[in-house]
Amino acid sequence: MKLRTILTSLGLIGCLMTPLQAQEAPGDIQYIAAREAFRVGNRPRLEALAAELRGHPLADYVDYYLLRQGIEQQDPAAIQAFIRRQEGNYLGERLRADWLRVLARQEDWQGLLQHYRQLKSPDQEARCLGIQARLQLRDAAALAEGENLWLTLHEVPEACRPVMALLAERASVDQIWARVRLLVEVNKLAPARQVLAALPPGQQPDPKQLESTLDKAAAWLARLSPANLKDRTGRELVALAIQRLSRNDPVFAAEQLERWSPYLGEQEQAWAWGQIGLQGARRHMAAAVEWYRRSQPELLSDEGREWQVRASLRHRDWGGVRRSIESMPARLQDKPEWIYWLGRAYLAGGQQSQARQLFERIAGQPSFYGNLADEELGRRISIPPRAQPPTDAELDEARAHPGLIRALAFFRLNMRNDAIREWNWSIRDMDDRQLLAAAELARRNQIYDRAINTADRTRNQHDYNLRFLAPFNDQVRPAAQQQSLDEAWVYGLMRQESRFVSQANSSAGASGLMQLMPATAKWVAKKIGLKDYDHRQVKAPETNLLLGTSYLRMMMEDLDNHPVLASAAYNAGPLPARKWRGAEAMEGAIYAETIPYSETRDYVKKVMSNAVYYSVLFSGRPASLRARLGMVPGRPAGDPPKTADLP
């Protein structure tokens, strides 16, 4: 097939094709050529192909390419006409966002603001451009919005840099040091140095001292004299140096802070103690609770506040859990995890009615903490009544939806990023019946990830057979049984790993349904005696499942047959999963919440909650997440791995 040959040569498709990808449509090859012409800047070729593509589902993309190429020189009237024609569609939003950047370079602030206000879903860069326009137009409310960015934004996209430069010009000395602390906390040292340049000339640190503070903190502190700490700059540098020490050795950093505390102000001391507490909490050190007590909540970042709760939680300090959560700003207190753990803290303190009110706020949500809240209220996890299947008319409406047509065309060409953007844009305002029809359309085309994500969005009418699809059952069930693994847990893990996209590739290089890294797959193949294994086989579902379930079995045996530990190990590796255990047994929910890696923490919660729903679907009976989480056993002395070479 010619199309398949082209897609393979472009790296857009592997050895396996879905039925949808096998359906070549007239114009597909011309569209691929037009996309390539846009990429290399061949306008004559692009114009010629545009004429050939009239009537193709992706013809509007070629019109977009023609306008986007050399957008600075385009007739504004043509830009406006395309945006009007595509009003409500993804391409209209996309070109409008592109046009914002042109208007910013032209300093047309009124025009920029007019277009910005018509965006349906502005991204961070667009929001920055909107703030920039409002600042230039002397909008007082924009200053407060910009100050929030100043104190929260770690990564600064290019479009946000002018806003941050404007804010730096207007920032007070307190605001400058606050941003420097934020950036140093997340190890953004180059941006921190740039922000310090906004200080008044007499208050800027000496460049050599600054370099020593950030790069050779211990040696710099050893040479430091109290006479150097008579001004704020010197005291702030000491606090930064202690933060840098805490990243490798919180105990040594605490000793240094005790030594230098008499020369520091209350704010510098409190911020530095918070930083030591944060680093200690991430290492599960008991001293972190006391270090945090010597800080001040208002000087903690959001990350610092959350780890203060986790430090207390890890060490069963329910009073500390309550105080830490109650001191959070509302935007953090309203997160499901802190609603749940505050409820648990109230229960520990005998405040049952207050706890129940909190649990009721998140109960019924199909998520880790929604599940746990339900169980605190005496309700086991069950599946809501299944909605009526989409009618033929509803399915026909989904098939005729222009955005979904474009998305399916991209899926056919294996251009998944474009397909997902179109699909997600198309479903954003759908009602439950439309969502169920779109999810069913995706399922029938074996686009399992969109079927799941679309069904996940329903509000009142639900189909958990779509939310928790179980494809490849003829291969998954025997693979799980062969390794004596719980099928519901295996499905819960696969749903989180790949959403059942057999050709999925992660940015780290993992492949297939169970997202195996090349070295891991090779190691497991050798361990189980799989002859003539070639990594090109790893995306084949049967091979992927054989290797993935074999690896899971090895990790279960290595980690006390505990699915929480094995789930963490599957994502982060067996060594960290073992290290994160405490000296004593702890609730599986506490272990999960105190995992230091944010990706793994989120992963384990979702895998375990997924597994409960698959269990209910497979058995037809209510289930318990708390029972699945169980108690994670304490770490034995020495904690020797059973499989020393397990990757």
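Met 430 sits in the loop between helices α27 (416–427) and α28 (432–444). Helices here are DSSP runs of H or I with at least four residues, strands are runs of E with at least two, and both are numbered from the N terminus. Met 430 is buried, with a relative accessible area of 8%. Buried means under 20% relative accessible area, exposed means over 50%, and partly exposed lies in between (1.4 Å probe, protein chains only). Leaving out residues up to four places away in sequence, Met 430 touches His 401, Leu 404, Leu 435, Ala 438 and Arg 459. A contact means heavy atoms within 4.5 Å. Now look across the model. The C-alpha atoms of Met 430 and Arg 581 are separated by 44 Å, and the two residues are 151 apart along the chain.

A word on the model itself. It is predicted: local features need pLDDT of at least 70, side-chain atom pairs count only at pLDDT 80 or more, and totals for chains, interfaces and linings use all residues. Residues are numbered from 1 along each chain as its sequence is written, and side-chain values use heavy atoms, with hydrogens and water left out.

Next comes Ile 452, in helix α29 (residues 448–455). Ile 452 is buried too, with a relative accessible area of 0%. Its contacts, not counting residues up to four places away in sequence, are Leu 466, Arg 467, Leu 469, Arg 495, Arg 499 and Phe 500. From Ile 452 to Ala 253, the C-alpha atoms are separated by 47 Å.

Turn to helix α5 (residues 76–85). Ile 79, Phe 82 and Ile 83 are buried there. They cover an arc of only 100 degrees around the axis, so they lie on the same side of α5. The arc is that of the directions from the helix axis to the C-beta atoms. An α-helix has 3.6 residues a turn, so residues three or four places apart point the same way. On the other side of α5, Arg 84 and Arg 85 are exposed. The cover over the buried residues of α5 includes α4 (59–68), α6 (90–105) and α7 (109–116).

Finally, step back to the whole protein. There are 39 helices and two strands. The radius of gyration is 28 Å, close to the 26 Å that the globule rule gives for 647 residues, so the protein is as compact as a globular protein of that length. That radius is taken over C-alpha atoms, and the rule is 2.2 Å times the number of residues to the power 0.38. Of the 647 residues, 53% count as buried.
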